[in-house]
Amino acid sequence: MLYKLFILRKKSGSTLLTNKKSMLYCGKQTNPSGFVCLLYFRRYDIMGLLNEIAEKLLKNFLSLKKDDWIEWIAQPNDWQDDCDKFNSCYFIVKQMPKYPQHPRCRCRLKKIAEPIPNITAKATCDIRKFTGYIFSDKYDDGKKELFESWGYTIEDSGYLQQLYISQAIQKYCDGQYQYVGVNDHSAKISITITLTNQNGVEQHINTIWKLGQKGTIDLIAPYSGHNY
Amino acid sequence: MKVLEDVKLNEELEELAQRGIHKGYEGTIAKINGDIYTVWFFNPNNRGEFAFAEVNKKYLISDKIVYPERLLLEMEEFFANVKMEKYTHLTECDVKEYDVVQLIVEKPQYSMEGVHKGAYGCVQFPYAIDGKWCILFSNVGENNAHDEEISVAREDFIIVE
């Protein structure tokens, strides 16, 4: 705590303190020469200083527009919070995690230029999401039959992998994604992928992607429901 | 090699293998006593889990990783306070990426995501974090029409295939 000591000459009938709300009286004593020593303390506590920092961070945040892009800079700490999962992730302001995440959050948001597909942003997709999951006989969840009804088979896995990557990276960079939360590993976003079935009808499906550092997204769920 | 240096076990030792520490596992040197190094090993299949073991230096190779100063200070403080004799084993993980699993419990943290006992899912990552595996469950949620990806403790599911 920082304390300021004021010694004032008392004037009869006058109010010595004009801003009583900011002062905390601790005591008063009178010395033989007639001065009234008012000992009062202006208290600057550590929380106040931290609140100033938080206010500054919040002001920076409030100056952002919803279509601006930011890089989340997490504050290193030992707390059990989700902030570490957002470190160095790129978000469009209208689809980003709550900021600040918690009262003591000191994470920063750094304004960046819109990411460019395959230059400052990249999508990856493990082909086993199709060969080992969608088209696998191990799972009896109807996905294999669904994709086959649209005219896709396991031989199309490579094509689907590239289709997912190219559509997802473009939509991510255009801000056409939805932030859906976190798991124990990372932040997650949802992107709608459009597949055309054998009759030429478009199928809009939900997919879930892991949001990595510096503009990388990695496919988690290749089918998470339909977007009708 | 010196204390706080990153190392790798370059041979399969029976005594360590029985404790779940295998060739290729990485760790950090916590103490040096002549040729015997006390190493803080990490479980690559279950991130967050660690164990201490004494190893002859001839079975270790340096990874030449340079840690930031802040991390070195944290590790020094950790080694000074941790009870190394408590952490002697690593879990042998039997789960692999793309394994088919079934949830065998009904717990609020799963049911609030729409995933109930009996649901089938697919393991999404080749490793767990603090004993929890990331699993994508099919046909769950509203109208059983969605996939949900949640973290599940190892004891809460069985491997089907």
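1. In this predicted model, helix α2 of chain B covers residues 69–81. The helix has 13 residues, and the distance from its first C-alpha to its last is 19 Å, close to the 18 Å expected at 1.5 Å a residue. How many of its 13 residues are buried? The count is zero, and α2(B) is accordingly described as hardly covered.

2. The domain assignment divides chain B into domain 1, residues 6–86, and domain 2, residues 100–159. The C-alpha centres of domain 1 and domain 2 of chain B are 32 Å apart. Contact between them involves five residues of domain 1 of chain B and five residues of domain 2 of chain B. On the side of domain 1 of chain B that touches domain 2 of chain B, one residue is nonpolar, three are polar and one is charged.

3. The strands of chain B deserve attention next. Strand β2(B), residues 26–33, runs antiparallel to strand β3(B), residues 36–42, and six bridges join the two. Which residue of β3(B) is the bridge partner of I29(B)? The partner is V39(B). Two residues lie between the strands in the hairpin of β2(B) and β3(B), where G34(B) adopts a positive phi near 70°.

4. Strand β3(B) is also joined to β5(B), residues 50–56, by seven bridges, and this pair is antiparallel. Within β5(B), E54(B) stands opposite T38(B).

5. The largest nonpolar core contains 59 residues. Those with the most contacts inside this core are A168(A), W209(A), I135(B) and F137(B). Beyond its neighbours within four places in sequence, I135(B) is in contact with V101(B), G121(B), C122(B), V123(B), Q124(B), I150(B), V152(B) and F157(B). Another core, of 16 residues, lies apart from the largest one; among its members are Y25(B), V39(B), A51(B) and A53(B).

6. Finally, the contact between the chains takes 16 residues from chain A and 19 residues from chain B. Strands β8 (120–123), β10 (132–140) and β11 (146–153) of chain B each supply at least two residues of the side that touches chain A. That side of chain B comprises 10 nonpolar, five polar and four charged residues.

Terms used
Residues are numbered from 1 along each chain as its sequence is written. Chains are lettered from A and ligands numbered from 1 in the order in which they are written. This is a predicted model: local features need pLDDT of at least 70, side-chain atom pairs count only at pLDDT 80 or more; totals for chains, interfaces and linings use all residues. Two strands pair if DSSP finds at least two bridges between them. Helices (H or I, at least four residues) and strands (E, at least two) are DSSP runs, numbered from the N terminus. Two residues are in contact if their C-beta atoms, placed from the backbone, lie within 7 Å. Ala, Val, Leu, Ile, Met, Phe, Trp, Tyr, Cys and Pro count as nonpolar, Asp, Glu, Lys and Arg as charged, and the others, Gly among them, as polar. A nonpolar core is a set of buried Ala, Val, Leu, Ile, Met, Phe, Trp, Tyr and Cys residues joined through C-beta atoms within 7 Å. A residue is buried if 20 or more other C-beta atoms lie within 10 Å of its own, exposed if 12 or fewer, and partly exposed in between; C-beta atoms are placed from the backbone. The expected span of a helix is 1.5 Å times one less than its number of residues. Domain bounds come from an automatic or database domain assignment.
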